[in-house]
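Please keep the structure open beside the text and look up each residue as it is named.

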Amino acid sequence: MAEEAVPKVLVLGPLMCFATLEPLYSHKFHFLSPNPNHSLQHFLRLHHPSSIRALLCSANYSVSAQVLRLLPSLRLLLTTSAGTEHIDLRECRRRGIQVAAAGGIFSQDVADAAVALLLDVTRNISAADRYLRTPNHANPPSEVFTFASKLSGKRIGIVGLGSIGMEVAKRLESFGCIISYNSKHKKANVSYPFYSSVVDLATTCDALVVCCALNEQTKHIINREVISALGKGGFIVNVGRGGLIDEKELVKCLMEGKIGGAGLDVFENEPHVPKELFQMNNVVLSPHCAALTDKSNMDMCELVGGNLEAFFSNRPLINQVMLDMVE
């Protein structure tokens, strides 16, 4: 097939799966990947933007209305993330651009990571590891970090009982944890107690696992009031998006001892991480990699490739985002 007949796909943002994706599908699609050190406008002037009908992006790239205006023929936007807060969905709906996301493809991996972070921060695993790696221990462990907190039997509040939240609940039940939740709506056929207020949920729990979507309603859903309600012995794990937590207030509460600890895979201003967190033994940090496993990487490649094939063959997309529901 001549190169000009191969559909062009613009690739924006760092994509962990791209190194696997490109060799698998380069015979079907012409992937255009701009140099991050150059402007997108300059790159597009060299590649005829009117000929680009598909765009593939990561959660780290903001696909605003301004970016979309540079692509007058765009009809498909794929994101390798489950969330879509980095995309102007209203503009996509206005333009008739189809959008597809990762859906639940990462749910099990992210749930595994959430439980790992919770177990780590409650049982001081990373703190103990750092202690042993430090030569010439001047103080015994009991003077370096506090006693570990038992996870079994803890009351866990899940903020966002979607596909990830349900997988977290399933895993924590195996530890004998008592599950309750907050979500946009009460879930039918779910026996866990429902709280419409996150403050009320925090008041009844020993730990919160945050895994809801980030939008205008959920930004800073975990604020100082929620953290205070959770209390000095409480823990917070966030595997959703950094903006779900008021990060400045979380740091203050940790420094003031108003909360027991935190396990964070995401941050409000990624890749920046508040430097105050680095020296805290009751905080476990992870660089937004909860979904990054070998299995999920291959699944993501197959999903992206399948969506590209479906779009250019006029077939329905996989995991299509319903834009008519966007407010």
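The numbered points below take up a helix pair, the nonpolar cores and some backbone details.

1. This is a predicted model, in which local features need pLDDT of at least 70 and side-chain atom pairs count only at pLDDT 80 or more, whereas totals for chains, interfaces and linings use all residues. Residues are numbered from 1 along each chain as its sequence is written, and side-chain values use heavy atoms, with hydrogens and water left out.

2. Two packed helices are described by the angle between their axes and the distance between the axes. Here the axes of helix H1 (residues 18–25) and helix H12 (residues 294–312) come within 9 Å and cross at roughly 45 degrees. Helices are DSSP runs of H or I with at least four residues, strands are runs of E with at least two, and both are numbered from the N terminus. Axes are lines fitted to C-alpha atoms, for helices over the stretch in contact, with angles from 0 to 180 degrees between N-to-C directions.

3. H1 and H12 are therefore oblique to each other, a word kept for angles that are not under 35 degrees (roughly parallel), over 145 (roughly antiparallel) or 65 to 115 (roughly perpendicular). The contact, which means heavy atoms within 4.5 Å, is made on the H1 side by Thr20, Leu21, Leu24 and Tyr25, while the H12 side includes Met298, Cys301 and Val304.

4. The largest nonpolar core has 53 residues, and those with the most contacts inside it are Phe31, Ile156, Ile158 and Leu308. Helix H5 (residues 107–123) gives the most to this core, with eight residues. A second, separate core of 28 residues includes Ile227, Ile236, Leu250 and Ile259. Such a core is a set of buried Ala, Val, Leu, Ile, Met, Phe, Trp, Tyr and Cys residues joined through side-chain atoms within 4.5 Å, where buried means under 20% relative accessible area, exposed over 50% and partly exposed in between (1.4 Å probe, protein chains only).

5. The peptide bond from Glu270 to Pro271 is cis, with omega near 5 degrees, and Pro271 lies in the loop between strand E10 (261–264) and strand E11 (283–285).

6. Which value does phi take in Asn314, a residue other than glycine? Phi of Asn314 is positive, near 60 degrees, and Asn314, in the segment after H12, is exposed, with a relative accessible area of 74%. Asn319, which is not a glycine either, has a positive phi of about 55 degrees; Asn319 also lies in the segment after H12 and is partly exposed, with a relative accessible area of 35%.
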